[in-house]
Every structure is written in C-alpha cells, then in structure tokens.
Amino acid sequence: MSINADTDSPGILKHQTGNVKHQMKGAATTFRNEHDPFDFMRFLYEGAVAGATAGVVVESVLYPIDTIKTRLQAVHGGGKIILRGLYSGLAGNLVGVLPASAIFVGVYEPTKQMLLKSFPESLSALAYLTAGAVGGVASSIVRVPTEGFGSFLLRDLPFDAVQFCIYEQLRIGYKLAARRDLNDPETAMIGAFAGAITGAITTPLDVIKTRLMVQGSAKQYEGILHCVGTIVREEGTSSLFKGIGPRVLWIGIGGSIFFGVLERTKKLLSNSGPIHPSPDSLKQD
C-alpha cells in the first residue's frame, strides 16, 4: 500500500490496517457465522440433504471413469482392459452412496462448527481434518459392510479427511484473496483442485486396496505390507501410482461436481428458512 502525503495520514493508515486485519480474521472464521451456532439440527439436516444430493449426482456422472480406473489398476503387466459394461453395478452403488454421503456430511457440518469454536484459529486445519475423520467414522456404518473395514481404514477414511481439509483451506484462502463470497464456478474449481491433489497423493493407497480386493481366493498378498513389497519388487515403485491419471481426472472432476452441488444445495436449504420453529416465533404464537 502506497501512502500519499496529501490524502493519507497515520490515523487513516492505522484504520485501513485494522480493516485488513478484520477481513483476514473474518475470512478465517467465515464458516462460524453462517448459521445460529446452537442450531445443531439445522446443520445436521442441511448437511445430510446436501451430502446425499451431491453424492448421488457425482456417482452417477463419473461411474464409468471409476470403472475404467479400477480395471486399469487390476491389470498386470501389459494386459488389456475391457470397456464393456461401464455402468454395471451403478444401482447397487447408489444404494450405498446416498446414505453414506448423507451421514458423512450430516455429521461433518455440525462437528466442524463445534470444533471451529473450540479450537484456536491457528488450528482451523486440524478442526476440518478432525471433522472429516469423525464424519468418515460415522458413515462407516454404511460403508464398512459394503467395502470392508480394511479398505475403509486404508483408503476411504484418510482420503475423506484430507480432501475436506484441503477444500476448506483452499476456500478460505480464495475468499481471503477475493474479499467476497465464492460463486458457483469458483466453488467447483476449488473442489476440483482439492479432489485432484488428494487423489494424487493417495493413489498408492488406492492401488493397494484394489489389489487386495481383486486377488480373490488366490491370496497372492498376505497383507498390506506384503502387497506393497510384492508390487515394488516385481513391478517397480512406479506401479504404486498406476492409474494416477484416470484417478486424478475422476476425483478432480468429481470434486468439482460434488462440492459445487454440495454448496449450492446448502445455500438453497439455508434460504428456505428454519426447519423447526424458533423460540421467538413460539412466543409470538
């Protein structure tokens, strides 16, 4: 900031500096003031509905890419993948995705708000990470029976916690830089970045999980560590990142759609009014 001797004074400069600090603090705590801090049921309701909607939309749109990615990771050596039946199993997946997404976001939203109020601002990232882990554990009621506890702990739980943490931090940073609320395309863009980054760094976990799942009764791998050692020894370390291209593409686009739909649905629900009477309205009646 430049200081003009004709128009600026120490008092004005101090006032402007205070405004900047206030804006930074406001951006860092933006999610704390979106709703009544005691309205737990509203956070739960809006999160559950928005999560279910976003989960179903993104699963339906990107299911074929996920199928190709899984088949690519399961192929050994120079084998070819089959491109038929890319939507096979979608209906069964939606049966699990809808309640799992509803539970995850429904638990994540109120947990996030409570943790943000309890943690200092310097630990906001930990609040998001913890809320993501709590939401993941809650959604395990649905996901573990369909995916297995080992697969859930190995890939899904850390992925969800990290992705939501990265998304929230990117969103805060963008709002701080723009000094305004995000529009839908910007939310989708940040969701894409969060998904792509998380997808890339968790690819080895996905490869290991896929190999353990598809080995069947052959039991080629005795466990996680044996699987990692066998892949590195027989196929090279680069094989742990096999399928990273389709995975990053899939999760990047998925993050764009998921978070875009999630935030838009939350806004629509928020604008629809309270889901239960407030104490003031009851007094008036």
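Modeller: Before we start, contact here means heavy atoms within 4.5 Å. This is a predicted model, where local features need pLDDT of at least 70 and side-chain atom pairs count only at pLDDT 80 or more, while totals for chains, interfaces and linings use all residues. Residues are numbered from 1 along each chain as its sequence is written, and side-chain values use heavy atoms, with hydrogens and water left out.

Colleague: Okay, among contacts between residues at least 6 apart in sequence, what share joins residues at least 24 apart?

Modeller: Take the contacts in the chain between residues at least 6 apart in sequence. The part of them that joins residues at least 24 apart is 75%.

Colleague: And how many helices does the chain have?

Modeller: Helices are DSSP runs of H or I with at least four residues, and strands are runs of E with at least two, numbered from the N terminus. On that basis the chain has zero strands. Its helix count is 10.

Colleague: How do α2 and α7 sit relative to each other, parallel or perpendicular?

Modeller: Two packed helices are described by the angle between their axes and the distance between the axes. Axes are lines fitted to C-alpha atoms, for helices over the stretch in contact, with angles from 0 to 180 degrees between N-to-C directions. For α2 (residues 40-74) and α7 (residues 203-214), the axes come within 9 Å and cross at roughly 75°. Angles under 35 degrees count as roughly parallel, over 145 as roughly antiparallel, 65 to 115 as roughly perpendicular and the rest as oblique, so α2 is to α7 roughly perpendicular.

Colleague: Which residues of α7 does α2 meet there?

Modeller: On the α2 side, look at Lys69, Thr70, Gln73 and Ala74. Their partners in α7 are Asp206, Val207, Thr210, Arg211 and Val214.

Colleague: Is glutamate 59 buried or exposed?

Modeller: Glutamate 59 lies in helix α2. Leaving aside neighbours within four places in sequence, glutamate 59 touches Leu90, Asn93, Leu94 and Val97. Buried means under 20% relative accessible area, exposed over 50%, partly exposed in between (1.4 Å probe, protein chains only). Glutamate 59 has a relative accessible area of 14%, so the class is buried.

Colleague: Last one: how far apart are the C-alpha atoms of threonine 111 and valine 134?

Modeller: Threonine 111 is in helix α3 (residues 90-118), and counts as buried at 12% relative accessibility. Leaving aside neighbours within four places in sequence, threonine 111 is in contact with Ala131 and Val134. Threonine 111 and valine 134 are 23 residues apart along the chain, and their C-alpha separation is 7.7 Å.
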